[in-house]
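Here are my notes on this model, point by point. Please read them with the structure open.

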Amino acid sequence: MRASFSSGVLNVLLEEKYYFDYVCGVSAGASCTVNYLSRDPKRAKESFIDIVKYPEFGGWKHFIKGNGFFNAKWIYEETCHSVLPFDISTFNANPARMKISAIEANSALPQFWDKIRLTKLEDLVQVVRASSTLPILMPPLKIDGKIYYDGGLQNGIELETAKNDGMTRFVVVLTREKNYRKTIQSHRPLLRFYLRHYPKLLNLLDQRHLNYNKTLDELSALEKSGQAFLIYPEKMPINSSCRDLAALEANYQQGYRQAQQLLPDLEKFIMKTN
C-alpha cells in the first residue's frame with residue numbers, strides 16, 4: 001500500500017505525457033507498471049486507495065477463510081472485470097517494453113514476463129498477482145504448475161533487470177525515504193516456519209536486506225553520476241498493509257505533489273545526453 005505514493009507520481013507522468021519506452025516493476029510496482037502502460041490514471045489511483053472501501057478487499061475474515069489478509073484473487077483477477085476495469089487493448093498497443101517478475105518457490109529464482117507473453121488479460125493479471133504475492137498475507141499462486149511468491153523477496157528494486165535489458169539511464173520511483181536502509185525482518189521466525197518446505201527461498205530471504213541495500217547504494221552512485229533520477233517520498237507515514245482510506249489518499253497526494261515539483265528537474269534529466 002506504500003505504492004499509493006507511486007501512483008501519485010505516475011499520474012503526474014501520465015498527465016504530462018512522459019511516456020518511457022521501457023518500464024519494469026516488481027511487487028506493488030507491477031500493478032503500477034501495467035496501470036502506467038495502459039495509460040489509466042483513474043485505475044492507477046483507485047488500485048491503491050479507493051479499493052480499500054470494498055469489503056472484498058481483505059481483512060482477518062478473509063484470512064481465516066484462506067483468501068489471504070489481502071484477498072488476492074479478488075484484487076488482481078476479479079476487479080479488472082468489475083470495479084477496476086483494465087484496458088488491455090491500450091496496454092497491448094503501447095509500444096513500450098516491459099518486465100515483471102515473481103520468485104519461483106522451489107528454485108528461489110526469478111521468473112520474468114514481458115508484454116509479448118502477456119497479451120491476454122487473464123494472463124497479465126495473474127502475473128501481476130504472482131509478483132505481488134506476499135508470504136503469509138496472501139495464498140501462494142500457481143502458474144503452469146509452479147508456485148510463485150512476491151518478486152520483491154529477492155530485492156524489491158528492478159535495477160539489475162533494467163541493466164540486463166540494456167538500459168543505461170534510469171528514472172526510479174521508490175517508496176522509502178532517502179537514506180532508508182533495510183534490516184533483517186523482525187518476523188523472520190514466522191516466515192521460516194511458513195516457508196519451511198522451500199529452503200532456497202528462505203536462503204534468499206536471509207539475503208534480501210543485503211541485496212536491497214546494495215541496490216540502493218548503486219542507485220545513489222548512479223544519481224551522483226547523472227545516470228539515475230530518483231524519486232523518494234519525503235516521508236512514508238504508512239506500512240505495507242495500511243487500509244486507512246484517508247492515510248492512503250494523503251500518501252497519494254504526497255506523491256502527486258512531489259512529482260509536480262520535480263518536473264523541471266526530470267525534464268532536464270530526460271533531455272540530457274551522455
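Which residues lie nearest the centre of the second largest pocket?

1. Gln154, Asn155, Ile157, Glu160 and Thr215 do, among 19 lining residues. A pocket here is an open set of 1 Å grid points, over the protein atoms alone, where a 1.4 Å probe fits, with protein on both sides within 12 Å along at least five of seven lines; lining residues have an atom within 4 Å of a point.

2. This is a predicted model: local features need pLDDT of at least 70 and side-chain atom pairs pLDDT 80 or more, while totals for chains, interfaces and linings use all residues. Numbering runs from 1 along each chain as its sequence is written, and side-chain values use heavy atoms, without hydrogens or water.

3. The volume of the second largest pocket is about 330 Å³. Elements giving two or more residues to its lining are β2 (97-104), β3 (110-113), α8 (159-164) and α10 (199-224). By class, that lining has 6 nonpolar, 9 polar and 4 charged residues.

4. There are 0 disulfides (cysteine sulfur pairs within 2.5 Å). The sulfur of cysteine 32 is too far for a bond, because the closest cysteine sulfur, in cysteine 24, is 12 Å away. For cysteine 242 the closest is in cysteine 32, at 15 Å, also too far. Cysteine 32 is buried, at 8% relative accessible area (buried means under 20%, with a 1.4 Å probe and protein chains only). Cysteine 242 is buried too, at 11%.

5. Leucine 124 is in contact (heavy atoms within 4.5 Å) with Val34, Phe86, Ile88, Phe91 and Leu118, leaving aside neighbours within four places in sequence.

Notes. Buried means under 20% relative accessible area, exposed over 50%, partly exposed in between (1.4 Å probe, protein chains only). Grid points are joined across faces, edges and corners, and a volume is the space filled by probe spheres set on the points. Helices (H or I, at least four residues) and strands (E, at least two) are DSSP runs, numbered from the N terminus. Ala, Val, Leu, Ile, Met, Phe, Trp, Tyr, Cys and Pro count as nonpolar, Asp, Glu, Lys and Arg as charged, and the others, Gly among them, as polar.
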